[in-house]
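Colleague: Hi! Could you walk me through this one before I set anything up?

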Amino acid sequence: MTTRTALPAPTGRALTPSRTAATAARVLRQLHHDPRTIALLLIVPGAMITLLRYVFDGAPDTFDAIGASLLGIFPLITMFLVTSIATLRERTSGTLERLLALPLGKGDLIAGYALAFGAIAVVQSALATAVSVWLLGLDVTGSPWLLLLVALLDALLGTALGLFVSAFAASEFQAVQFMPAVIFPQLLLCGLFIPRDQMQPALEAVSNVLPMSYAVDGMNQVLHHSDLTGDFLRDIAVVAGSALLVLCLGAITLRRRTP
């Protein structure tokens with residue numbers, strides 16, 4: 001009688017650099033064969049910022065006031081959308097199921113996805129920042145490199161949120177449906193439309209715990225201050241910490257759906 005050998009369960013080790021890098025390389029190869037997704041990630045944020053620049057063509061001060069905030073918001077939205085759909089596609093196609101049957105740690109999988117999409121986020125944020133500052137003439141008091149840092153952290157936060165919510169969707173349509181629940185409240189309460197301290201107190205309290213609020217605050221710190229401020233350091237720490245926390249939650253929700 002033949003004895004069936006059980007497949008090894010995912011290892012409990014936090015990270016193995018070679019396996020993390022292999023996972024990231026696989027994801028990047030898949031993205032390389034999807035030019036529409038690459039266009040969405042790299043071109044759309046800069047295109048939307050350019051569109052808004054000319055919407056406010058008769059009021060350039062308005063673009064200077066909100067342009068930096070948009071530079072943090074658009075990368076988050078596009079990274080959330082693409083990451084959630086791409087990860088869900090791998091869940092529903094059985095790719096993640098097969099990977100989890102290998103001796104591959106959950107940390108390796110999550111870090112690999114984050115590394116791959118993070119590499120895209122670097123390029124995306126750099127392009128959007130360059131378009132805003134050097135092509136559209138966004139007037140910034142501080143260093144454009146600080147704008148790039150906040151935009152990158154916000155894109156990484158969008159990646160982490162996309163990885164996390166993909167665990168709760170059964171189809172790509174459901175993944176898109178999470179955007180009104182996860183992104184839109186942050187967009188309305190982040191201070192883009194009105195200063196947060198002028199909101200109804202309950203809404204201001206909610207905005208104080210939403211990471212996009214700190215991304216917008218960080219952008220505004222760069223917009224108005226030439227030097228690093230304590231508030232700026234707090235803002236980027238909150239955005240980075242939120243991204244790390246959501247990635248950890250994503251690892252917890254990563255599990256096999258069959259024995």
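Modeller: Happy to; we can go through confidence, salt bridges and pockets in turn.

Colleague: Great. How confident is the chain, on average?

Modeller: Keep in mind that this is a predicted model. The average pLDDT over the chain is 80, and 86% of the residues score at least 70.

Colleague: And where is confidence lowest and highest among the helices?

Modeller: Helix α5, residues 95-100, has the lowest confidence with a mean of 62, while α10 has the highest at 92.

Colleague: Where does pLDDT stay under 50?

Modeller: That happens over residues 1-12. For that stretch the model has 15 contacts beyond four places in sequence.

Colleague: Good to know. On to charges: how many salt bridges does a search of the whole structure find?

Modeller: The search turns up 4 salt bridges. As background, side chains of opposite charge can pair when their charged atoms come close.

Colleague: Let's take D217. Which residue does its side chain meet?

Modeller: D217 forms a salt bridge with R196, at 2.5 Å from N to O. This pair links distant parts of the chain, 21 residues apart: D217 sits in helix α11 (residues 211-224), and R196 in the loop between α9 (184-189) and α10 (201-207).

Colleague: Are D217 and R196 buried or exposed?

Modeller: D217 has 16% relative accessibility, so D217 counts as buried. R196 is buried as well, with a relative accessible area of 13%.

Colleague: What about R53, what does its side chain pair with?

Modeller: R53 meets D57 in a salt bridge, with 3.2 Å between N and O. R53 counts as buried because its relative accessibility is 17%, whereas D57, at 45%, counts as partly exposed.

Colleague: Why is D57 put in that class?

Modeller: Buried means under 20% relative accessible area and exposed means over 50%, so a value in between makes a residue partly exposed. D57 has 45%, so it counts as partly exposed.

Colleague: Which residues are linked in a network of salt bridges?

Modeller: D231, R234 and D235 are linked in that way.

Colleague: Okay, switching to pockets. How much space lies in the largest pocket?

Modeller: About 300 Å³. Its lining has 15 residues, and L31, D34, T37, A86 and R89 lie nearest the centre of the pocket. The elements giving two or more residues to that lining are α1 (17-32), α2 (35-42), α4 (60-93) and α6 (106-135).

Colleague: Which of them gives the largest share?

Modeller: α4 does, with 7 residues. By class, the lining of the largest pocket comes to 9 nonpolar, 3 polar and 3 charged residues.

Colleague: And the second largest pocket, how much space is there?

Modeller: About 150 Å³. Among the residues lining the second largest pocket are A111, L115, L153, T159, V239 and L247. At least two lining residues each come from α6, α7 (144-165) and α12, and α12 supplies the largest share, 5 residues.

Colleague: How does that lining divide by class?

Modeller: The lining of the second largest pocket has 10 nonpolar residues, 1 polar and no charged.

Colleague: Thanks, that's just what I was after!

Conventions. Residues numbered from 1 in each chain as written. Heavy atoms only, no water. Buried < 20%, exposed > 50% of the residue type's maximum accessible area, 1.4 Å probe, protein only. Helix = DSSP H or I, 4+ residues; strand = E, 2+ residues; numbered from the N terminus. 1 Å grid on protein atoms, 1.4 Å probe; cavity = no way out; pocket = protein on both sides within 12 Å on 5 of 7 lines; lining within 4 Å. Points joined across faces, edges and corners; volume = space filled by probe spheres on them. Nonpolar A, V, L, I, M, F, W, Y, C, P; charged D, E, K, R; others polar. pLDDT = per-residue confidence, 0-100. Contact = heavy atoms within 4.5 Å.
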